[in-house]
Amino acid sequence: MYEALSHTIKAQRGNMTAQHSSDIVIVGGGIVGSALAYFLASFDDGKKVTVVERNLAPLEGSTGYAPGFVGQFNESEVLTRLAVESVAEYLKVPGGFDHVGGLEVATSTAGLQNLKWRLQTARERGLSAELISPEKAAEMAPDLMKDDNELALYFPSDGTANPPTITNFFRSEAGARGAEIIQADVTEISRGDGRVKGVMTSSGFIKAQIVILATGIWARGLCDFEIPVPVIPVAHPYMYGERHETKLYKSPFVRYPEHHVYARDHGSFFGLGSYDHRPLLEKPKTSAKGTWVEDFDTTLDRALKLIPEKTRLVPREKFNGIFSMTPDNMPLVGEIPGTGGLYMAAAVWVTHAAGSAKFLSRMIKGEPFDVLVQKALDPSRFSGRDMESLERESLHCYNSIYSTHENS
């Protein structure tokens, strides 16, 4: 399936010269950058598309450590739409998406009221959802939840994604359509006369008319922007449980919104993560896996109390998976003002990656696109603000990760 990708990579490693040219250069080959290459290379307009990624295998950005939960409903209508569109694309990928469904569990009266609001709003947006008893929910996910909760909200069309599989598929299909995949470090974005000129890499300069930054947690490091770019990397604990025999049933993933905890069945082991801790700024190095924070042990211990004792879920591996926050919990996707031809797709979750990439590819190609999405994701929406306050707001949003403040 991925022969086209491997041939393209080998060719570029061996033959790239000091002076190279392309029409569109995508910096970052994670799920967002690879999806962009897939959509842009699919246009039959003869434009050359090049992806430059520091390390093609293994994936060392946020894509490589993403837990793969895909809950399509979001307080933001824009993010809901992007998630639905992303799932539609992931379903085209062999082994890319599993329709196991998703459960949100209420453990109090206040939590139940929130679920009722989410149910009504989800249905208004065309998503299938239903409130079910704690007993029925526990039957659906017996390893991940007890039967003594209030109620649960079930989303049957939600599921779990396999980010590396999806990313490799997008790269392979883009390569089959003529895109180049280059493994190299990008050291500088070249600009002049108000336009982007290309990118300098560890393998030479690539001249380009359009450059898209899809570097995730490293988005702010490649050039000086004329606007604040509040893509704030944060630390986050996740754990893998001991391996077990694969179950005969496929369990929905489970969220406990009041406790900021989520859990899923990875097949041969369970995974669990939590946002129930003090938000921590984390400066990424060469990967999206940061240094383990001692306080995270207590965070995971609290989270494990929500899991049935019979599951015997104990950590086999714990890690700090760094990802990006913004002041409104919305991605930054669109054109960067001040430099013609410079675009960004940053702070994008796996849940919204394909939809966001599809939107940006339409914008770049001059095709019709939704102006409401453009406004909500506009990278320049924080113009005039200082980075110190934007960083503060982004960290404050961490403990309400699923709440958005979409522009009206």
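Trainee: What do the buried residues of H11 pack against?

Mentor: They pack against strand S15 (232-234) and strand S22 (323-325). Packing here rests on contact, meaning heavy atoms within 4.5 Å. Helices (H or I, at least four residues) and strands (E, at least two) are DSSP runs, numbered from the N terminus. This is a predicted model: local features need pLDDT of at least 70, side-chain atom pairs count only at pLDDT 80 or more, and totals for chains, interfaces and linings use all residues. Residues are numbered from 1 along each chain as its sequence is written, and side-chain values use heavy atoms, with hydrogens and water left out.

Trainee: Which residues of H11 are buried?

Mentor: In helix H11 (residues 387-397) they are Ser389, Leu390, Ser394, Leu395 and Cys397.

Trainee: Why does asparagine 329 count as buried?

Mentor: Buried means under 20% relative accessible area, exposed over 50%, partly exposed in between (1.4 Å probe, protein chains only). Asparagine 329 has 12% relative accessibility, so it counts as buried. Asparagine 329 sits in the loop between S22 and strand S23 (332-335).

Trainee: Why are H2 and H7 called roughly parallel?

Mentor: The axes of helix H2 (residues 31-41) and helix H7 (residues 163-176) cross at roughly 30° and come within 8 Å. Axes are lines fitted to C-alpha atoms, for helices over the stretch in contact, with angles from 0 to 180 degrees between N-to-C directions. Angles under 35 degrees count as roughly parallel, over 145 as roughly antiparallel, 65 to 115 as roughly perpendicular and the rest as oblique. H2 and H7 are therefore roughly parallel.
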